[in-house]
Amino acid sequence: MANKNPLRKSFLFIILSINLIFLQGETATQISNKKTYVVHMDKSAMPLPYTNHIQWYSSKINSVTQGKSQEEEGNNNRILYTYQTAFHGLAARLTDEEAERLEEEDGVVAVIPETRYELHTTRSPTFLGLERQESERVWAERVTDHDVVVGVLDTGIWPESESFNDTGMSPVPSTWRGACETGKRFLKRNCNRKIVGARVFYRGYEAATGKIDEELEYKSPRDRDGHGTHTAATVAGSSVKGANLFGFAYGTARGMAPKARVAAYKVCWVGGCFSSDILSAVDQAVADGVQVLSISLGGGISTYSRDSLSIATFGAMEMGVFVSCSAGNGGPDPISLTNVSPWITTVGASTMDRDFPATVKIGTLRTFKGVSLYKGRTVLSKNKQYPLVYLGRNASSPDPTSFCLDGALDRRHVAGKIVICDRGVTPRVQKGQVVKRAGGIGMILTNTATNGEELVADSHLLPAVAVGENEGKLIKQYAMTSKKATASLEILGTRIGIKPSPVVAAFSSRGPNFLSLEILKPDLLAPGVNILAAWTGDMAPSSLSSDPRRVKFNILSGTSMSCPHVSGVAALIRSRHPDWSPAAIKSALMTTAYVHDNTLKPLTDASGAAPSSPYDHGAGHIDPLKAIDPGLVYDIGPQEYFEFLCTQDLSPSQLKVFTKHSNRTCKHTLAKNPGNLNYPAISALFPENTHVKAMTLRRTVTNVGPHISSYKVSVSPFKGASVTVQPKTLNFTSKHQKLSYTVTFRTRMRLKRPEFGGLVWKSSTHKVRSPVIITWLPPL
């Protein structure tokens, strides 16, 4: 049912076509006619003569490469990895012709080309209610906190950071099977009771791009980039007092689960992150014994059976590992999500109640609000007006001259002036560097329609203020129409208690999930704007090679920052409820999420300040204190997720990539409707056939609250349909008891746009909320 409508297929075709353009670019290996392919194998199909799977895999590769020089084309050079825990198969270098032949071999389930992934680049513990108070015992440190290991797939780790201090931590759990791999500037002693594992994965990367330049990066778990250190510290960084960036965001920095352990899996390099390496890291992390995987990267959207990360994380989920991934930074465009598989927790980004305000005052004495993290030697007087220039030709529409690209500024026009630069094309801080080199004394960075009113602060190299699109238009109009335009800039430091917050970040990728409209994505929001966390000692806060500054902490924005917030909270929940499944943890996070900001109004969207929808914020913003005790959970086991896949028009061979056990078959328990998956969000998708007026979906909740409890249901009103829930009361008499209910939707009028609402089960102590979406596909 899920993929049978032509509208969905046409959208999916467009998405896949766009992603293929970006992801399948030419590389050095493609020029030599060999690429890396991930080969999924049916473990149970290994013939008897073979004593192990590696022998069998090697013979398969040999069978399609016959006639090649063994010296040059031997299997040792062809096979990059074998996978044997989360899923089964190998990564190998093959020509297109060899890959086609291999796919016809017995026991070969799928042959998928290598995919290139990109990184989705500490006030948050307080904002999330995680700072311990005498009256709040629920988050008091427990020994079980130390038992959870979070695997972070990223750019490595900077072990000297104070955020990875292991003082007071108990010995590493005996169940941990990981290792501390050594390499350039990374020794065994760089691991400790906090960093319990560190590994590197680069065979796929080198096969695609050539040998790693060890002058530019470490061929070891050490993090030169900074991204991995930042995400790992956000997950589980130890408390560090006095953390700040140039005095901004001063306070105590700590991760979400400060007593959890970190295992760093370095899969990303200067030229990106490659699927064969990522999959080997997932496979190894599960074998090592991680309980949570935090993956702040993405590579576009593919069908489930062609998405190797989806397949690998399905295997991790089967082994009880909670997986959180970033939604991507493709917002505010719709259908911009990555990592949409229902067993993955997909995290969007929001703002916090902390900001770094700055102002622009123009010659008319009108003042505009913005943000900045500039702290340098050059200081502009707030009481003095400086010449102002904008080199664009239209205040509303950016053009090539307005982006302040490298080499685009004429010193004669900008020297001694504040320069207005439009956001886009090149990194924000780099624009300021271009202005500075051309003799400019300051910069006003203006948002375009893509980013709307969202403000992201940066540690600029000269006095600079970022402003929203509306303010930017007015400032640019003034600069273009006044012969002697002037302005002054003022940097105001750190402010907390900002209202409204949280707000959905404009860059946060949006739904709907056109792979399966019945599965709401993203799942939820977490802080992802202006996040302070640990940083590498080898990279400037601007990440520009020409920037000589070095810092211990840096402020970054992106869904890369929101994902580890959820990973860390999941680790805390896991430590309190070690018997909970990954789906139960996800359910606790989703059903306790809130959908109103600190002004008690519905969450808004930074791209336009309008109310956001579940396609933007999912179930809402995480509330860790409530997630620890959700009352009820929507649990889903591996077979149920497999039943979901059975509704997705996948062939038996395509389904086989998800079956580690050959006896797993479709039992059709979802009645061919993926909307019946026991997901914490409820999505009714009416088909193109206008004769279908009613639809009933089923859910089952498990009591994890008081043994004896009674829940009553309430549903928000809908214009396009009536909604009936049966029964209207759920009476539990024991813990872990399961009770089911049905939700029936009857169409009143078919609306052209989806309609959103909520369903809440409420007891005397708990509120369990599910977002509800009703969609009517346009008639054929």
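Helix H16 (residues 582–591) lies across strands S15 (322–326), S16 (345–350) and S26, contact here meaning heavy atoms within 4.5 Å. Relative to S15, H16 runs at about 50°, with axes fitted to C-alpha atoms, for helices over the stretch in contact, and angles from 0 to 180 degrees between N-to-C directions. Helices (H or I, at least four residues) and strands (E, at least two) are DSSP runs numbered from the N terminus. This is a predicted model, where local features need pLDDT of at least 70 and side-chain atom pairs count only at pLDDT 80 or more. Residues are numbered from 1 along each chain, and side-chain values use heavy atoms, without hydrogens or water.

Now for the sheet. It is open, has 7 strands with parallel pairing, and reads S7-S10-S6-S13-S15-S16-S26; strands pair if DSSP finds at least two bridges between them. S7 (195–200) and S26 (524–527) each have a single partner strand, so one side of each is left without a neighbour in the sheet. Inside the order, S6 (residues 149–154) and S10 (residues 261–266) pair in the parallel sense over 6 bridges, and Leu153 has Tyr265 in S10 as its bridge partner.

On to the rings, which pair if the centres of Phe, Tyr or Trp (its six-membered ring) lie within 6.5 Å; planes under 30 degrees apart count as stacked, over 60 as edge-to-face and the rest as tilted. Trp343 and Phe658 sit with centres 5.8 Å apart and planes at 70°, so they are edge-to-face. This pair links distant parts of the chain, 315 residues apart, with Trp343 in the loop between S15 and S16. Both residues belong to a cluster that also takes in Tyr304, Phe314, Tyr641 and Phe644.
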